[in-house]
Amino acid sequence: MQETYQEYLKQNESMTFEEMTKLHMSIIKNVATDDTDFVELWQNLLQDASDYVVIRARWGLLTTEEKLATDLRRTQKHNAIISDFLILERLFKQKGWQSDEWTRILFLENEKIERKLEDVNEHRKRIGDFANYLAFISAINNR
């Protein structure tokens with residue numbers, strides 16, 4: 001099967017490149033990019049996204065046995081990414097930075113006082129897709 005961007009867009013909770021770019025810019029424009037807490041968290045998020053994209057990109061090439069052997073690591077990395085975004089949202093609130101736009105786009109929900117891991121599980125694929133986008137943007141910017 002030929003995997004194309006158009007096929008991806010037909011999937012549930014897919015995002016266009018334009019939507020992901022808007023989401024990314026909403027994070028970056030509302031943060032003090034030299035803030036040490038943000039820098040540390042963002043680097044951790046990019047590391048987790050980079051690790052995750054390697055697993056996700058190879059997924060279709062793996063045998064059933066290899067998928068079973070890799071599935072726990074993939075799930076753990078995906079969970080780490082979700083946690084990274086939840087921590088990022090808390091950091092935004094703590095610092096008084098605007099987070100409504102990017103959290104609404106990423107989590108497909110209205111603002112919540114305190115978002116919990118259980119609240120975002122229904123949007124796992126969307127969050128993982130955005131992490132893959134961040135890894136892609138990081139890769140092409142670091143050439």
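## Salt bridges, helix packing and buried sites

Arg74 has a relative accessible area of 15% and is therefore buried, where buried means under 20% relative accessible area, exposed over 50% and partly exposed in between, with a 1.4 Å probe and protein chains only. This is a predicted model, in which local features need pLDDT of at least 70 and side-chain atom pairs count only at pLDDT 80 or more, while totals for chains, interfaces and linings use all residues. Residues are numbered from 1 along each chain as its sequence is written, and side-chain values use heavy atoms, with hydrogens and water left out.

Arg74 forms a salt bridge with Asp71, the closest N and O atoms being 2.2 Å apart; the term denotes a side-chain nitrogen of Lys or Arg within 4 Å of a carboxyl oxygen of Asp or Glu. Because the two residues stand three apart in helix α4, about one helical turn separates Arg74 from Asp71; helices (H or I, at least four residues) and strands (E, at least two) are DSSP runs, numbered from the N terminus. Asp71, with a relative accessible area of 29%, is partly exposed.

By the salt-bridge rule the count comes to seven. One of these joins the side chains of Glu101 and Lys29, at 3.5 Å from N to O. Glu101 belongs to helix α5 (residues 100-107) and Lys29 to helix α2 (residues 17-29), so this pair ties together parts that are 72 residues apart in sequence. Lys29 itself counts as exposed, at 56% relative accessibility.

The side chains of Lys95 and Asp35 also meet in a salt bridge, here at 2.9 Å from N to O. This pair links distant parts of the chain, since Lys95 is in helix α4 and Asp35 in the loop between α2 and α3 (36-58), 60 residues apart. Of the two partners, Lys95 is partly exposed with a relative accessible area of 31%, whereas Asp35 is buried at 16%. Through salt bridges that share partners, Asp35, Asp37 and Lys95 are joined into one network.

Helix α4 (residues 64-95) packs against α7 at an angle of about 85°, with the axes 10 Å apart; axes are lines fitted to C-alpha atoms, for helices over the stretch in contact, and angles run from 0 to 180 degrees between N-to-C directions. That angle makes α4 roughly perpendicular to α7, a class that covers 65 to 115 degrees. On the α4 side, Thr75, His78, Asn79, Ile81, Ile82 and Phe85 meet Arg124, Lys125, Ile127, Gly128, Phe130, Ala131 and Leu134 of α7, contact meaning heavy atoms within 4.5 Å.

Leu23 is found in helix α2 and counts as buried, at 0% relative accessibility.

Ser14 lies in the loop between α1 (5-9) and α2 and is buried, with a relative accessible area of 16%. Not counting residues up to four places away in sequence, Ser14 touches Tyr8, Leu9, Glu19 and Arg126. The C-alpha atoms of Ser14 and Leu134, 120 residues apart along the chain, are separated by 15 Å.

Helix α7 (residues 124-141) also holds Ile140, which counts as partly exposed at 42% relative accessibility.

Conventions: Angles under 35 degrees count as roughly parallel, over 145 as roughly antiparallel, 65 to 115 as roughly perpendicular and the rest as oblique.
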